[in-house]
Amino acid sequence: MAAVVVTPEAFTLVQFDAGRIAELVAEVAGRVGLPADVEVRVEIDERVPLGRSRLTSLDPITIAVQGGAFENAKVPRTLSDRSVVDVVGRLLFRAVDRLDPAFADAPADEALTLPQHTAWDAYAVGRCERVGYAPSKPRRLYHFRNRHGFTDTADRVFERLWSADGLTWADLDAACAETAATRP
Amino acid sequence: MKRHMQATELARDERFVRISTEERFNDPRQVPREPGSKRRPGPQLRPERHEAPDAARAMMHAIFTGEIQALEGAGRTCWDFEVGADSPFELKLDMARQCWDEARHCEISVKLGDHMGTEVGEYAENVVLFEAACNPDPVLRLTGVNRALEGLAIDVFNTMREYGQATADPVLEFCEDWMLADEVTHVKMGSDWLRRLTENDPERRARALEFQRVVDKLFSAGGFRGDEDDSPVKLARRFRELAGFTPAEVEEISQLSRQARAEADAAVR
Amino acid sequence: MADPKKPRPAFAPWDRRELPGAFTVEESARRVGHYKWVEMRLFEALGGWVATVPELDVKMRLGTHTYKHAWHAELWHKRLPELREMNPERLTQPANDDVVAFFDAMTEPEAPGETIEKLVGVYRVLIPHKIAAYTYHLNNTSQITDAPTIRSLRHALDDEFEDWRDGEMLIQSLIDTEEEVERAAAHQAQLEAILVRGGGIAGKGSIG
């Protein structure tokens with residue numbers, strides 16, 4: 001099982017349990033196929049209620065999130081297992097991809113366009129569903145349409161990415177080009 | 001069935017979870033500041049932001065719960081007051097009409113929620129809108145709800161409509177535009193009844209306008225709604241004027257928002 | 001082309017409307033005043049209940065129906081002066097004390113767990129009575145002299161039938177157990193008995 005380090009260890013502004021987060025992240029790391037000896041760091045900025053989340057390093061694998069990303073939107077400032085799994089699953093699949101030579105040509109995250117981000121997310125979250133989690137597909141479709149257009153082409157590409165395995169960066173880039181060609 | 005219920009008594013199914021105004025305003029967390037500012041009043045709904053689609057989903061859900069409460073508020077105004085000088089028959093007819101409009105808005109919001117991948121009850125519900133609809137004076141109730149809160153709805157719908165335009169989302173833009181048209185009508189109803197019912201009672205009119213200012217300031221939410229460049233929800237001046245607000249009244253709301261923001265800034269120093 | 005100067009009968013052969021009707025101006029006005037009173041009490045009650053029902057679909061339907069009955073009240077309000085009642089409030093009255101008692105009993109359920117009772121009172125008791133009363137009026141009044149009332153009755157009946165169907169379907173979707181069947185039936189019987197005592201929404205002497 002992956003070694004998970006959560007910072008901070010104790011929270012003062014939100015009712016998060018670092019132990020529970022570590023437990024969830026370790027389970028996700030196993031399901032996405034990361035090696036058992038890998039180290040995953042999760043850095044949480046509890047001061048921010050927003051939901052930004054990023055993969056900031058591959059060695060060690062580091063995820064940085066604003067506190068809102070892990071919270072239960074129904075009961076603000078409390079932890080949501082589902083939110084943790086949603087965010088971490090998506091980012092750890094991206095980490096798995098980045099460690100794969102098929103993604104060697106992918107630009108750094110900061111250099112990705114929003115359509116590239118959401119295409120990669122659709123590919124990652126679709127796989128989360130297939131490893132047994134229950135992410136919201138309609139939510140991801142809405143994200144995708146925001147960035148790729150509210151078109152039949154965009155919906156078709158989304159379905160393809162959602163149900164795909166073994167894609168390369170070139171595949172994702174081509175998917176972005178395909179929707180761009182039909183965006184109004 | 002009794003007259004004049006409390007916001008705590010609002011009936012909801014188990015999907016809905018309520019957050020009090022105190023809890024919401026006492027959240028010690030802050031939206032990160034930008035260079036040169038003390039704090040940001042909230043995230044802006046700009047398509048270039050990474051989290052914009054989720055911010056739009058959250059805002060749409062807040063609109064949805066607001067519509068439920070607006071429906072409930074208009075319904076209670078039908079029930080709480082006997083027909084009389086204070087609440088003429090025609091006022092109650094207007095409130096019944098508003099019930100239908102708000103019921104449609106709830107229906108639209110649920111469909112939009114499906115479109116945006118949002119579940120009913122996904123976010124906490126705050127019932128401050130209904131609290132304003134509990135005022136025992138029908139004039140104050142209408143002023144607080146129809147002029148202040150429905151006025152805020154004009155600003156919010158316009159913000160969402162612009163987001164729909166910017167993302168080329170035909171469904172969002174279409175729905176927001178229709179709801180915006182209704183809100184202009186509701187604000188106008190509030191303005192007309194305020195004028196009619198307080199024609200010979202300047203003191204009551206002053207109290208009603210003061211109540212509106214309190215609600216307007218509360219709903220400026222530390223500058224969340226305002227005229228500044230970084231206000232997440234902008235004052236929709238053109239639509240407010242269509243709804244019967246004078247330019248001076250719109251300016252006053254802008255000023256209240258600046259005050260609310262300054263007070264919130266001072267609190268985080 | 002027909003000769004424009006040629007005399008034609010005032011009533012086309014297929015126009016079978018009759019002049020005589022069962023209601024005088026005063027009788028029609030009295031009934032219309034009762035209708036307005038009933039529609040007002042109904043839209044107020046539906047509006048008030050919106051906040052007390054937890055079921056989202058019911059909440060939204062009640063909101064929609066609130067307006068329809070307010071609109072009916074407005075139709076009747078506007079009809080009264082045309083029936084020589086220049087002070088519409090004078091005739092905006094319940095038919096009798098039993099009708100008042102019926103509305104008191106119908107609007108008694110308040111708790112979030114009493115949606116079945118709320119809906120049964122409106123959609124299994126009151127609206128069927130309204131449909132009967134409006135139809136009785138429609139079929140008995142002069143088709144020529146009282147045509148404006150007939151037009152409003154038809155508009156109102158369109159809504160009543162639609163709302164009755166909405167309400168009945170909501171009730172059926174809420175009733176899952178035999179105990180709930182009994183609850184609904186007992187409440188219906190209790191309210192029906194009060195309204196029968198009063199002779200229906202327009203009082204004794206007609207149906208509805």
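Reply: Where chains C and B meet, 25 residues of chain C are in contact with 25 residues of chain B; contact here means that the C-beta atoms of two residues, placed from the backbone, lie within 7 Å. This is a predicted model, in which local features need pLDDT of at least 70 and side-chain atom pairs count only at pLDDT 80 or more, while totals for chains, interfaces and linings use all residues. Residues are numbered from 1 along each chain as its sequence is written, and chains are lettered from A and ligands numbered from 1 in the order in which they are written.

On chain C's side of that meeting place, helix H1 (25-50) and helix H2 (56-82) each supply at least two residues. Helices (H or I, at least four residues) are DSSP runs, as are strands (E, at least two), numbered from the N terminus. H2(C) gives the largest share, 9 residues. Sorted by class, this side of chain C has 12 nonpolar, 8 polar and 5 charged residues. For that sorting, Ala, Val, Leu, Ile, Met, Phe, Trp, Tyr, Cys and Pro count as nonpolar, Asp, Glu, Lys and Arg as charged, and the others, Gly among them, as polar.

How does this fit with the rest? Of the 2 pairs of chains in contact, B and C share the most contacts. Chains A and C have no contact with each other, and their closest C-alpha atoms lie 18 Å apart.

Now for the inside. The largest nonpolar core has 122 residues, and B:Cys99, B:Leu149 and B:Ile154 have the most contacts within it. Such a core is a set of buried Ala, Val, Leu, Ile, Met, Phe, Trp, Tyr and Cys residues joined through C-beta atoms within 7 Å. A residue is buried if 20 or more other C-beta atoms lie within 10 Å of its own, exposed if 12 or fewer, and partly exposed in between, with C-beta atoms placed from the backbone. Helix H2 (residues 52-80) of chain B gives the most to this core, with 14 residues. Leaving out residues up to four places away in sequence, B:Leu149 touches B:Leu129, B:Ala132, B:Gly144, B:Val215 and B:Phe219.
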